[in-house]
Amino acid sequence: MSLVLGLDSSTQSLSAVILDTVSASVVADHSVNFGKDLRQYRQPHGYDESGARGEVHANPLMWVEALDLLLGRMKKAGVDFSKVEAVSGSGQQHGSVYLKGCFHEKLAGLKADSDLKSQLAGSLSRSSSPIWMDSSTGEECAEIAAAVGGNEVVCARSGSVAVERFTGPQIRKFFKEDPEAYAATGVIHLVSSFFASILAGKSVAIDHGDGAGMNLMNLAAGAWDPDLVRATADDLMEKLPGCAAAETKCGGIAPYFVEKYGFSPNCETVVWSGDNPCSLIGMGAAQPGKVVISLGTSDTLFAAMPEPRTDPNGFGHVFGNPAGGYMSLICFKNGSLAREAVKEEFSLEWSAFEREALAKSPIGNGGFMMLPFYEPEITPALDTGGPVFSDDRERSWHETVRAVLEGQFLNMRGHSEWLGVAPERVYVTGGASENDGIAQVIANVFGVPVERLDVPGSATIGAAMRAAHAIGGDLRDLEKKFSQPKEGRTIIPEAGAKERYDEFLKSFMVFLAGQK
Ligand code: ADP
Ligand code: XUL
């Protein structure tokens with residue numbers, strides 16, 4: 001038996017899996033939902049919904065408390081952590097945590113007779129963390145781009161143009177708006193490296209997968225880019241942790257976790273990465289060839305890349321692939337949140353998105369279209385102030401369900417053509433991927449079969465696989481064990497659907513262009 005632990009701090013929950021890499025089995029699978037299990041923070045979807053002017057922040061203490069809650073529940077459920085040989089994790093990308101210099105001493109002195117939240121609360125220099133949904137830094141993006149010679153330079157160096165949700169522009173906004181608190185900040189972590197530091201009992205590095213989502217890292221060098229760092233905020237270089245490859249080991253787990261939860265002091269901690277890079281590993285897509293669509297809070301489309309290729313429209317990104325090389329990523333903010341909005345509008349269950357319900361309306365919805373942008377969209381960058389419909393008819397629930405799904409996946413197809421890959425299959429993951437109706441619309445729009453994996457939560461599984469890889473496990477072997485499509489769950493495109501969507505895509509893109 002050889003056990004590894006993977007954690008995933010996503011927008012809405014903190015999850016854990018333990019994999020037995022010898023018997024190829026998932027031996028534990030637990031989760032804490034921020035909204036439901038930690039109601040006292042009043043962040044029902046994992047973030048503060050009262051933010052103005054595009055600001056979306058979350059409470060980092062809620063994440064810290066979730067870690068104790070999750071490990072405590074697992075221990076109570078009989079999980080034996082003493083056999084876990086390595087732990088790594090996955091974090092929602094771009095979100096940042098601002099800490100005073102005393103964070104280091106606090107980590108080094110964590111006491112098992114108290115909890116993480118009360119011991120770490122005093123080390124925050126900013127009480128909230130901007131997350132990936134924040135779109136408030138347009139001004140800072142423009143300033144950073146101008147300072148280094150334009151967005152082409154930012155993109156060539158960091159893999160993306162200056163992007164509102166990326167960490168550099170977020171840091172710049174904090175630096176401008178609250179210079180005193182910025183000056184009191186000793187270290188700025190990503191969600192991923194913040195958790196990794198707590199587990200290791202010391203401040204640890206940011207990996208190349210998640211680091212690329214900051215507009216601060218030079219992708220080719222795998223190190224902070226001095227010009228981008230200088231353009232972002234004063235004295236920033238000294239506040240950034242190091243950059244490291246995703247398989248970097250950080251040493252044994254902190255005594256807090258040994259004493260409180262029964263981990264072995266020899267349990268190796270491994271740097272964390274972003275949720276999308278971890279999902280790439282969990283989906284068995286570390287080598288170029290597989291295209292993955294993740295249907296979480298956001299929808300993302302990603303693939304390993306033989307060489308970095310940037311999006312001419314500036315919406316797509318290049319990140320470090322945790323297995324080496326690069327990956328592309330396109331993020332659509334209006335993913336599950338838009339589907340949930342339709343579900344709530346008509347008081348539906350998820351069964352209304354299944355194939356039987358979709359059969360109530362025809363492919364192409366008789367020309368009725370929707371731009372499903374309930375929140376300001378990332379791809380394309382567009383704030384329509386809510387969903388836009390192609391006509392103002394009285395909508396039935398089934399027309400609206402079809403319209404939201406067709407709008408989402410036509411938008412995804414139209415904005416991923418720059419990747420220049422014609423996938424033979426699409427692999428889907430995330431909460432909504434279990435839904436056969438949603439998978440069917442994807443199969444029809446892209447015109448290829450859709451596969452699901454046999455294991456829950458590709459980001460969490462990917463994090464555990466990365467932990468195993470860092471202590472000597474073979475990634476190909478781990479993929480064979482944990483990243484296999486679920487038998488009998490392949491969704492085949494319906495006859496003639498692709499051709500209908502080839503045509504429909506043209507009218508959809510014209511409708512979309514009319515809103516810009
Ligand atoms: P994240 O990792 O971003 O927190 P998940 O991948 O866990 O998100 O996905 C959670 C979301 O999946 C839920 O908020 C919900 O909208 C959606 N979801 C869950 N079950 C279904 C279903 N059967 N059909 C469609 N969507 C679903
Ligand atoms: C990716 C992105 C989101 C977050 C949250 O760029 O912003 O997918 O990682 O899942």
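I take helices (H or I, at least four residues) and strands (E, at least two) as DSSP runs, numbered from the N terminus. This is a predicted model, where local features need pLDDT of at least 70, side-chain atom pairs count only at pLDDT 80 or more, and totals for chains, interfaces and linings use all residues. Residues are numbered from 1 along each chain as its sequence is written, chains are lettered from A and ligands numbered from 1 in the order in which they are written, and side-chain values use heavy atoms, with hydrogens and water left out.

**Entry: ligand 2**

I started with the shell, counting a residue as near if one of its heavy atoms lies within 4 Å of the molecule. Around ligand 2 I found Q93, H94, W132, R165, D275, N276, S298, T300, L329 and C331. Helix 13 (275-282) and strand 19 (326-332) each supply at least two residues of this shell.

Next I sorted the shell by class: Ala, Val, Leu, Ile, Met, Phe, Trp, Tyr, Cys and Pro count as nonpolar, Asp, Glu, Lys and Arg as charged, and the others, Gly among them, as polar. That gave three nonpolar, five polar and two charged residues for ligand 2.

Then I looked for polar contacts (pairs of N or O atoms within 3.5 Å). A polar side-chain atom of D275 sits 2.5 Å from an oxygen atom of ligand 2, and one of H94 sits 2.6 Å from an oxygen atom of the ligand. For the side chain of S298, an N or O atom is 3.1 Å from a ligand 2 oxygen. On its own ligand 2 has 290 Å² of accessible area (Shrake-Rupley method, 1.4 Å probe), and the protein covers 96% of it.

**Entry: ligand 1**

Which residues come nearest to ligand 1? Of the 13 around it, they are S10, T297, E340, G431 and N435. I noted 2.4 Å between a polar side-chain atom of E340 and an oxygen atom of ligand 1, and 2.7 Å between an N or O atom in the T297 side chain and a ligand oxygen. N435 has a side-chain N or O atom 3.0 Å from a nitrogen atom of ligand 1. Alone, ligand 1 exposes 580 Å², of which the protein buries 74%. Its shell divides into three nonpolar, nine polar and one charged.

**Entry: a helix pair**

Last, I checked helix 17 (residues 436-446) against helix 20 (residues 497-513): they pack at about 75 degrees with axes 7 Å apart. Axes here are lines fitted to C-alpha atoms over the stretch in contact, and angles run from 0 to 180 degrees between N-to-C directions. That makes helix 17 roughly perpendicular (65 to 115 degrees) to helix 20.

Terms used. Polar contact = N/O pair within 3.5 Å; in protein donor to acceptor, adjacent residues only side chain to side chain. Parallel < 35°, antiparallel > 145°, perpendicular 65-115°, else oblique.
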